[in-house]
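Work through the exercises below with the sequence and coordinates open. Each task is followed by a stepwise solution.

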Amino acid sequence: MSPGIGLMKRRLEKEKDAIALAISGIAKKYDIIPKNVKTLETKYHDDAGDWYVALGWEEKKAIVKMDSVLGTIIEIKEI
């Protein structure tokens, strides 16, 4: 039996860790310079253990959903 999400060690423990991963994912996917990406908003979902980071660059915006335990990007949705 595996421990609940609250008992597992998170790889994305802090907001700054989540922002760094989100910016890295956006920069790689859209081939842009990371310093041109602005953080618009961050949210942490306590029950699911997921980070949501809204980012903006040029005229585009995207929401990056990440798993805090695995430290991976689950989804990038352009809005």
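**Exercise 1. Contact range and burial**

Task: Find what share of the contacts between residues at least 6 apart in sequence joins residues at least 24 apart, and what share of the chain counts as buried.

Solution. Step 1: take a contact as heavy atoms within 4.5 Å. Among contacts in the chain between residues at least 6 apart in sequence, 38% join residues at least 24 apart.
Step 2: call a residue buried under 20% relative accessible area, exposed over 50% and partly exposed in between, with a 1.4 Å probe and protein chains only. By that rule, 32% of the 79 residues count as buried.
Step 3: note the basis of the values. The model is predicted, so local features need pLDDT of at least 70 and side-chain atom pairs count only at pLDDT 80 or more, while totals for chains, interfaces and linings use all residues. Residues are numbered from 1 along each chain as its sequence is written, and side-chain values use heavy atoms, with hydrogens and water left out.

**Exercise 2. Elements and sheet**

Task: List the elements of the chain in order and give the strand order of the sheet.

Solution. Step 1: helices (H or I, at least four residues) and strands (E, at least two) are DSSP runs, numbered from the N terminus. The chain has one helix and four strands, and from the N terminus the elements run α-β-β-β-β.
Step 2: two strands pair if DSSP finds at least two bridges between them. The four strands form an open sheet in the order β1-β2-β3-β4, with antiparallel pairing. β1 (38-45) and β4 are at the edges with a single partner strand each, so one side of each has no neighbour in the sheet.
Step 3: for angles, axes are lines fitted to C-alpha atoms, for helices over the stretch in contact, and angles run from 0 to 180 degrees between N-to-C directions. On average, neighbouring strands are turned by 20° against each other, direction ignored. Helix α1 lies across β1, β2, β3 and β4, at about 50° to β2.
Step 4: inspect the β3 and β4 pair, which is antiparallel over six bridges. Lysine 65 has glutamate 75 in β4 as its bridge partner, and aspartate 67 has threonine 72. The hairpin of these strands has four residues between them, and there glycine 71 takes a positive phi near 70°.

**Exercise 3. Aromatic pairs**

Task: How many aromatic pairs does a search of the whole structure find? Describe their geometry.

Solution. Step 1: rings of Phe, Tyr and Trp (its six-membered ring) pair if their centres lie within 6.5 Å; planes under 30 degrees apart are stacked, over 60 edge-to-face, and the rest tilted. The search finds two pairs.
Step 2: tyrosine 30 and tryptophan 57 form a tilted pair, 5.0 Å centre to centre with 45° between the planes. This pair links distant parts of the chain, 27 residues apart: tyrosine 30 is in helix α1 (residues 15-30) and tryptophan 57 in strand β2 (residues 50-57). Tryptophan 57 is buried at a relative accessible area of 3%.
Step 3: tyrosine 44 and tryptophan 51 also form a tilted pair, with 5.0 Å between centres and 55° between planes. Tyrosine 44 is partly exposed at 27%, whereas tryptophan 51 is buried at 8%.

**Exercise 4. Serine 68**

Task: Where is serine 68 found, and which backbone oxygen does its side chain reach?

Solution. Step 1: serine 68 is in the loop between β3 (60-67) and β4 (72-78).
Step 2: its relative accessible area is 0%, so serine 68 is buried.
Step 3: the side chain of serine 68 reaches the backbone oxygen of glycine 49 at 2.5 Å. Arginine 11 is 57 residues away along the chain, yet the C-alpha atoms of arginine 11 and serine 68 are separated by 5.8 Å.

**Exercise 5. The salt bridge**

Task: Which residue forms a salt bridge with lysine 43?

Solution. Step 1: the criterion is a side-chain nitrogen of Lys or Arg within 4 Å of a carboxyl oxygen of Asp or Glu. The structure holds one such bridge.
Step 2: the partner of lysine 43 is glutamate 41, with the closest N and O atoms 3.3 Å apart.
Step 3: lysine 43 is partly exposed at 49% relative accessibility, and glutamate 41 is partly exposed at 42%.

Methods:
A polar contact is a pair of N or O atoms within 3.5 Å; within protein, one must be able to donate a hydrogen and the other to accept it, and residues adjacent in sequence count only if both atoms are side-chain atoms.
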